[in-house]
Amino acid sequence: MVLSVSLLVIFALTAFLSFFFTNINRNKNEGKSEKLILGFSQIGSESAWRTRNTQSIFEAAAANDIQILFDDAQQKQENQIKAIRSFIVYQVDIIAFVPIVEDGWDTVLREAKNAGIPVLLVDRHINADKSLYAGFLGEDSLEEGRKAARFLLKKTAGSNKAVNILEISGTENSSVVKERAKGFREVIRNDKKFRIIHSANGDFLRSRGKEIAENLIQQSRDAGNFKNDALYLYGRKIDVIYSHNDSMTLGLLDSFANYGINPANTIIISIDAEQKSIDALVQGKLDCVVECNPNLGEMLMQLVKQVVQGKPIPRITYNKESVFTEEDDFTLYEPRGY
């Protein structure tokens with residue numbers, strides 16, 4: 001009799017626990033989103049280009065019914081590493097991020113791989129074991145540098161006069177800076193008239209572009225040889241300004257306006273093609289703008305879906321980009337949207 005009662009109690013307890021955990025699992029599954037979840041870390045919002053890049057990704061995610069867990073790294077690699085680790089803990093389906101610099105990613109990407117979460121690089125390359133990420137989507141920065149230099153060659157064709165170049169580069173140790181510098185030098189290196197007499201780090205910021213120009217202006221003033229027809233470096237006239245992005249270029253133009261400088265004979269080449277730089281080109285303030293297309297969203301979502309489904313993707317996918325110059329028919333220009 002005691003045994004029968006004990007068995008009855010055990011049976012009742014087992015049935016209750018089975019019912020309890022079945023309902024817990026049902027509620028858990030009902031609360032879980034059926035959407036594919038993408039963890040995305042952006043480096044920041046330092047420019048109109050970057051803001052449009054982020055908007056493009058959100059718009060495409062919504063159109064493709066993909067949920068985004070978003071992180072703004074505020075220009076700090078340590079913030080991106082924390083974000084990637086949080087995505088791993090959350091068990092997202094896939095991770096995509098814009099690496100602020102090239103190095104220092106192996107450990108966290110290995111953690112993602114061990115967790116079975118694929119990773120896509122967006123906009124910038126990294127120095128890491130290629131087995132740790134599925135592929136890259138972005139611009140061909142090397143070719144962007146070459147396009148800038150090809151315009152310069154065409155612009156100065158027929159002249160053997162020495163050409164002094166000021167280069168304003170972006171964030172140190174980022175892949176786009178290295179490639180835009182390398183591509184530019186590849187094209188001009190065989191012509192000895194071109195001389196890069198100064199390269200300054202502007203960190204892709206408008207404020208830094210303005211600061212770099214103002215430092216050169218102040219240097220000329222201190223030396224007592226300030227002139228308002230161009231920028232000068234220790235008395236040497238700068239004939240060409242090659243800027244790695246529009247934000248820094250626009251900062252440069254801010255300083256020209258503040259100090260009454262009219263660089264009519266200075267060739268100014270910029271990269272990105274934000275609306276404000278295109279406007280400056282139309283106004284004759286710039287000579288060439290190489291496009292870096294921020295609208296990567298739809299391409300990224302297609303790659304995301306293919307990777308999650310286990311389908312192969314290219315190791316590198318480049319976006320389409322063009323070049324805008326002073327020789328264009330400006331009436332054909334359409335609004336940039338950023």
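**Strands, sheet and helices**

Modeller: Strand E1 (residues 36-42) and strand E3 (residues 94-97) run parallel and are joined by 4 bridges. The model is predicted, so local features need pLDDT of at least 70 and side-chain atom pairs 80 or more, while totals for chains, interfaces and linings use all residues. Residues are numbered from 1 along each chain as its sequence is written, and side-chain values use heavy atoms, without hydrogens and water.

Biologist: What makes E1 and E3 a pair?

Modeller: Two strands pair if DSSP finds at least two bridges between them; E1 and E3 have 4 bridges, so they pair. Strands are DSSP runs of E, at least two residues, and helices are runs of H or I, at least four, numbered from the N terminus. Serine 41 has phenylalanine 97 of E3 as its bridge partner.

Biologist: Why do strands E2 and E13 stand at the edges?

Modeller: The open, parallel sheet has 6 strands in the order E2-E1-E3-E4-E5-E13. Strand E2 (66-72) and strand E13 (316-318) each have a single partner strand, so one side of each has no neighbour in the sheet.

Biologist: How do you know that the span of helix H2 agrees with expectation?

Modeller: The expected span is 1.5 Å times one less than the number of residues. For the 16 residues of H2 (residues 48-63) that gives 22 Å, and the end C-alpha atoms are 22 Å apart, so the two agree.

Biologist: Which residues of H2 are called buried?

Modeller: Buried means under 20% relative accessible area, with exposed over 50% and partly exposed in between (1.4 Å probe, protein chains only). Among those in H2 are Trp49, Arg50 and Ile57.
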